[in-house]
Amino acid sequence: LDRNLGATQVATSPTDAASYGDLYQWGRNADGHQIRTSGITATLASNFFTHNGLFITTNTSPNNWLSSVETHMWSGTAAENNPCPSGFRIPTAAEWEQERLTWSSNNATGAFTSPLKLPMGGRRSFSNGSLVSVGTIGGYWSSTVSGSDARRLDLSSSNANMNTSFWANGYSVRCLKD
């Protein structure tokens, strides 16, 4: 897609608030939890398909919003919780890495000047649901699982790289055409 899920426009700068979009917990369907101002709950989900619209917080390892570890929600051909429009999916970690290597600089400037125009929408904290580093970092989920975590692309003014994160953190989603 030409913008993050939930964004109202293509980014005009790395700090264009209208281009930040929503912040998804890894593997969750679009039930409303991804909206930056959604309510929060500390009650873990017992099923991977949620419908309460609340951002789930946790401070218990493995810091997952789901009471079990299920890896299929955004991965593979099934990807039951794929929040992307029909014909689109969440990129793998390898696809993000391949994209990152084409940028003119390995940082947020390179991400923004790339054809994707990736903004720095911050993240939502797994521990309390607060917004963190909006306008100074960008985090983009991949569909790739890494143990009880998932892989993400991180952007800052000084660097861009692949990392892992707890599923309960909220990060941006940029969809890739199948």
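Buried here means under 20% relative accessible area, exposed means over 50%, and partly exposed covers what falls in between (1.4 Å probe, protein chains only). Helices (H or I, at least four residues) and strands (E, at least two) are DSSP runs, numbered from the N terminus. The model is a predicted one, so local features need pLDDT of at least 70 and side-chain atom pairs count only at pLDDT 80 or more, while totals for chains, interfaces and linings use all residues. Residue numbers start from 1 along each chain as its sequence is written, and side-chain values use heavy atoms, with hydrogens and water left out.

Six of its seven residues are buried, so S8 is largely enclosed by the rest of the structure. Two strands are taken to pair if DSSP finds at least two bridges between them. On one count, S8 pairs with strand S7 (residues 138-146) in the antiparallel sense over six bridges, with Val145 opposite Ala150. The S7-S8 hairpin has two residues between its strands, and Gly147 in the turn shows a positive phi of about 65°. S8 also runs antiparallel to strand S9 (residues 160-166), joined to it by seven bridges; here Arg151 has Thr164 as its bridge partner.

Ala93, Trp96 and Arg100 are the buried residues in question. They span an arc of only 60° around the axis, which puts them on the same side of H1; the arc is that of the directions from the helix axis to the C-beta atoms. An α-helix has 3.6 residues a turn, so residues three or four places apart point the same way. The face turned away from the buried side of H1 carries the exposed residues Ala94 and Gln98.

On a 1 Å grid over the protein atoms alone, a cavity is a set of points where a 1.4 Å probe fits but cannot get out, whereas a pocket is an open set with protein on both sides within 12 Å along at least five of seven lines; lining residues have an atom within 4 Å of a point. The largest pocket holds about 170 Å³ of space, the volume being the space filled by probe spheres set on the points, which are joined across faces, edges and corners. Its lining includes Leu1, Trp96, Arg174 and Cys175. By type, the lining has six nonpolar residues, no polar ones and four charged (Ala, Val, Leu, Ile, Met, Phe, Trp, Tyr, Cys and Pro count as nonpolar, Asp, Glu, Lys and Arg as charged, and the others, Gly among them, as polar).

Leu1 sits in the segment before strand S1 (24-25) and is partly exposed at 31% relative accessibility. Leu1 and Cys175 are 174 residues apart in sequence, yet 5.5 Å apart in space, C-alpha to C-alpha. Beyond neighbours within four places in sequence, Leu1 touches Pro85, Phe88, Arg174 and Cys175.

The Ser61 to Pro62 peptide bond is cis, with omega near 15°.

Notes. Contact means heavy atoms within 4.5 Å.
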